[in-house]
Amino acid sequence: MRIDVVSIFPEYLAPLELSLIGKARQDGLLELNVHDLRTFTTDKHRTVDDTPYGGGAGMVMKPEPWAKALESVAGASEGAGAAEDSRKPVLIVPSPAGERFNQALAYELAEEEQLVFACGRYEGIDERVIEWAEEHFTVRPVSLGDYVLNGGEVAVLAMVEAIGRLLPGVVGNPESLIEESHSDGLLEYPVFTKPSSWRERDVPPVLLSGNHGKIAQWRRHEQFRRTADRRPDLLAEFDAGSLSRADRNAFKDLGYDVVDGRLRLRGGQED
Ligand code: 6GU
């Protein structure tokens, strides 16, 4: 995979030289280039922003430096023709006004040949850039969650790590990708290591039993319990149609019934 990041703070992306992602780059599994937006300006002061039409607080990023920057990275990948949608690079525009980033989107983006991240600052990028970019890219404004960051750089660190670790060969033991939070629409079960008793706290005895069937079921039910407690919104999406009787009973104990293949909180509001 090839990733290009355009930012006015390229140093912000330095952590992508570390750890698993840094190693993936060294190993040639991931080609990642960071570009300074200011190198695509033409004025003496290398201006990237201006006041908003219509008034209001803050500044807006000027369109032309962005067009130059995006043209330069779009040309870098072969076959970026407007006719063949599947070969267009994906332009991800980090923004609190985007679609939510999640594990499903990480898996989807991990299949792409080229990703380009356009890090906005200030109040955002002139909207015409987003429209114009559709000629060269599949454009996806993406948000990490319902809060506001000062710019897209921190969001790009998060997204590149989430996507990069799904590329073949990046995570040493691919099994660790299978049993993790969100891989099956549930939160991960709790984990424990030695000693079995620590500061008067014991590891759940089932984990010491050697009974692999019981352990698997205990872990699964802990996933249900945790998800119901911390992220009940995920259970609304959960496919409950193929749950075993034991799993359905575990959900019953948590106050959920299975209705038409979906979990429904007992005594919940009808709409
Ligand atoms: Cl992706 N960008 C910015 N600037 N703020 C955010 C965000 C992204 N996601 C949540 N807040």
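Author: A salt bridge is a side-chain nitrogen of Lys or Arg within 4 Å of a carboxyl oxygen of Asp or Glu. This is a predicted model: local features need pLDDT of at least 70, side-chain atom pairs count only at pLDDT 80 or more, and totals for chains, interfaces and linings use all residues. Residues are numbered from 1 along each chain as its sequence is written, and side-chain values use heavy atoms, with hydrogens and water left out.

Reader: What makes Asp27 and Lys23 a salt bridge?

Author: Their side chains meet at 3.0 Å, N to O. The limit is 4 Å, so the pair counts. Side chains of opposite charge can pair when their charged atoms come close.

Reader: Is Asp27 buried, exposed or partly exposed, and how do you know?

Author: Buried means under 20% relative accessible area, exposed over 50%, partly exposed in between (1.4 Å probe, protein chains only). Asp27 has 43%, so Asp27 is partly exposed. Lys23 has 46%, so Lys23 is partly exposed too.

Reader: What makes Glu180 and Arg165 a salt bridge?

Author: Their closest N and O atoms are 2.9 Å apart. The pair links distant parts of the chain, 15 residues apart. Glu180 sits in the loop between α6 (175-178) and β8 (197-198), Arg165 in the loop between α5 and α6. (Helices are DSSP runs of H or I, at least four residues; strands are runs of E, at least two; both are numbered from the N terminus.) At 15% relative accessibility, Glu180 counts as buried. At 23%, Arg165 counts as partly exposed.

Reader: How many salt bridges does the structure hold?

Author: It holds 14. One of them joins Arg2 and Asp4, with the closest N and O atoms 2.7 Å apart. Both Arg2 and Asp4 are buried. Arg2, Asp4 and Glu31 are linked in a network of salt bridges.

Reader: Why is Phe238 called buried?

Author: Phe238 has 8% relative accessibility, so it counts as buried. Phe238 is found in the loop between α8 (232-237) and α9 (245-253). Contact means heavy atoms within 4.5 Å. Leaving aside neighbours within four places in sequence, the residues in contact with Phe238 include Leu186, Phe251 and Arg262. Phe238 and Arg262 are 24 residues apart in sequence, and 6.7 Å apart in space, C-alpha to C-alpha.

Reader: How do you know that the buried residues of α9 line one face?

Author: Those residues are Asp247, Ala250 and Phe251. Seen down the axis of α9, they fall within an arc of 95°, so they line one face of the helix. The arc is that of the directions from the helix axis to the C-beta atoms. The face turned away from the buried side carries the exposed residues Arg245 and Asp253. Cover for the buried residues of α9 includes α7 (212-230), α8, β10 (256-259) and β11 (262-265).

Reader: What about the buried residues of α1?

Author: In α1 (residues 19-26) they are Ile21, Gly22 and Ala24. Their arc is 160°, so they line one face of α1. They pack against α5 (153-164). Exposed Ser19 and Gln26 lie on the face turned away.

Reader: Why is the protein called more spread out than a compact globule?

Author: First, its secondary structure comes to nine helices and 11 strands. The radius of gyration is 23 Å, well over the 18 Å that the globule rule gives for 271 residues, so the protein is more spread out than a compact globule. That radius is taken over C-alpha atoms; the rule is 2.2 Å times the number of residues to the power 0.38.
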